[in-house]
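Here is a short tour of one protein model. Keep the sequence and the 3D view open while you read.

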Amino acid sequence: MAKSLLSKWKRKMRAEKRKKNAPKELSRLKSILKVDTDVLMKDVHEIATVVVPKHSEEKTQSVVKDDKDDMKMETDIKRNKKTLLDQHGQYPIWMNQRQRKRLKAK
């Protein structure tokens, strides 16, 4: 199949968009993984292509926590199994308004 001018233009613009959004994606990925140092980003290189933004070339140092602290996971959210409300009276994030209304009607 021949390459049209439109598909070439779209491909070019997608590449530009990737360049523009790369710093935001990297910061979002770091916040999700709660990693602030480049030393620990070696594991991320296996999963995703990491592009270092130009403005964050200065390196910040942070204290690395012990592995024992990372293993502990607290789940303090207590939910009522019938109403699915937590201790603050909030429904789960995944539940939409229609589902809440249906559950209240029961």
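Start with K78, which sits in the loop between helix 3 and helix 4. This is a predicted model. Is K78 buried or exposed? K78 is exposed, because its relative accessibility is 58% and exposed means over 50%. Which residues does K78 touch, once neighbours within four places in sequence are left aside? The answer is L85, D86 and Q87. Another pair to find is K78 and H88. They are 10 residues apart along the chain. Their C-alpha atoms are separated by 9.4 Å.

**The loop around D86**

Now move along to D86. This residue lies in the loop between helix 3 (67–71) and helix 4 (97–105). D86 is buried, yet it has no salt bridge. Which side chain of opposite charge is nearest to D86? That is R79, at 4.6 Å. A salt bridge needs a nitrogen within 4 Å of a carboxyl oxygen. Leaving aside neighbours within four places in sequence, D86 is in contact with I77, K78 and R79.

L84 is found in the loop between helix 3 and helix 4. What is its phi angle? L84 has a positive phi of about 65 degrees, although it is not a glycine. L84 is partly exposed, with a relative accessible area of 24%.

How many salt bridges does the structure hold? The count is one. The side chains of K19 and E16 form a salt bridge, with 3.8 Å from N to O. Why are they about one helical turn apart? Because K19 and E16 are three residues apart in helix 1. K19 is exposed, at 60% relative accessible area. E16 is partly exposed, at 39%.

**A positive patch**

Helix 1 spans residues 5–33, and K8 is placed in it. K8 is partly exposed, at 42% relative accessibility. K8 also belongs to a positive surface patch.

| Residue | Relative accessible area | Class |
|---|---|---|
| K78 | 58% | exposed |
| L84 | 24% | partly exposed |
| K19 | 60% | exposed |
| E16 | 39% | partly exposed |
| K8 | 42% | partly exposed |

**The whole chain**

How many helices and strands does it have? There are four helices and zero strands. From the N terminus on, the elements run α-α-α-α. What share of the 106 residues is buried? Buried residues make up 13% of them. D86 is one of the buried residues.

The protein exposes about 10,700 Å². Carbon and sulfur atoms supply 55% of that area.

Definitions and conventions: Residues are numbered from 1 along each chain as its sequence is written. This is a predicted model: local features need pLDDT of at least 70, side-chain atom pairs count only at pLDDT 80 or more; totals for chains, interfaces and linings use all residues. Side-chain values use heavy atoms; hydrogens and water are left out. Patches are made of residues with over 30% relative accessible area and no salt bridge: like charges are joined within 9 Å, nonpolar side chains (Val, Leu, Ile, Met, Phe, Trp, Tyr) within 5 Å. Accessible areas come from the Shrake-Rupley method with a 1.4 Å probe; for residues, only the protein chains shown count as cover. Lys and Arg count as positive and Asp and Glu as negative; His and the chain ends are not counted. The place of a charge is taken as NZ of Lys, CZ of Arg, CG of Asp or CD of Glu. Helices (H or I, at least four residues) and strands (E, at least two) are DSSP runs, numbered from the N terminus. Buried means under 20% relative accessible area, exposed over 50%, partly exposed in between (1.4 Å probe, protein chains only). Contact means heavy atoms within 4.5 Å.
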